[in-house]
Amino acid sequence: MHARRGRYDPRVRSARARVLLLLLVLLGAGGCAAPPGGSLPEREAVVSRVIDGDTVEVSPPVRGEEDVRLIGVDAPELGGPGGPQPYARRAAAFAERRLEGRRVRLQFGPELEDRYGRVLAYVYAGGEMFNRRLLERGYAQLALFSPNTRYAASLRRAQEEAREARRGLWGLPPGRLCRLADRGNGIGGGC
């Protein structure tokens, strides 16, 4: 991290993201035109590569950024100091089968990028929200961050369905679930 304020200060980045999103909506720049009726701005892209279960690369880039992080979900991490988290390879493989090489629709929330500079979006493939599909199948856990909470209730229901059915990561024993990130879902945070 640099000592100077600005690019790495989350408050400045968040304010910049809101200003840029407003400009994109007003000007229709970058292919992100706001549909009528107060809907979120959208655009189409092709998923050129799946990075992991909740992050993809798209073409053409959005505002110069190829990496798109799915809003509202946290799939187990492939990399990290302890190696892949439980269920990470399965989540990534599921995303590859469903998204890689496909045309998708990206729908953006009020906050356009995360603290790492990745674009934040709901990703639609074949008419369905892939973010929700990850939760329904148990490939990710819910991870909501304000102000991108528009579909919170729907995403929460999807996770509960998977959890009750012990689908995906919800079928893992507690000794493996504790290795996931703690996102306030009663799992993760270390063993």
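Is E128 buried, partly exposed or exposed? E128 is partly exposed, with a relative accessible area of 26% (buried means under 20%, exposed over 50%, partly exposed in between; 1.4 Å probe, protein chains only). The model is predicted, so local features need pLDDT of at least 70 and side-chain atom pairs pLDDT 80 or more, whereas totals for chains, interfaces and linings use all residues. Residues are numbered from 1 along each chain as its sequence is written, and side-chain values use heavy atoms, without hydrogens and water.

**View 1. Salt bridge between E128 and R98.** The N to O distance is 3.6 Å (a salt bridge is a side-chain nitrogen of Lys or Arg within 4 Å of a carboxyl oxygen of Asp or Glu). E128 lies in strand 7 and R98 in helix 2, 30 residues apart (helices, H or I, of at least four residues and strands, E, of at least two are DSSP runs, numbered from the N terminus). Both residues belong to a salt-bridge network that also includes R132, R133 and E136.

**View 2. R69 in strand 3.** R69 stands opposite T55, and its bridge partner in strand 6 is L120. Strands 2 and 3 pair in the antiparallel sense over four bridges (pairing requires at least two DSSP bridges), whereas strands 3 and 6 run parallel. The side chain of R69 also forms a salt bridge with D74 at 3.5 Å, N to O; R69 is buried at 11%, as is D74 at 5%.

**View 3. Salt bridge between R105 and E42.** The closest N and O atoms are 2.8 Å apart. R105 lies in strand 5 and E42 in strand 1, so the pair ties together parts 63 residues apart in sequence.
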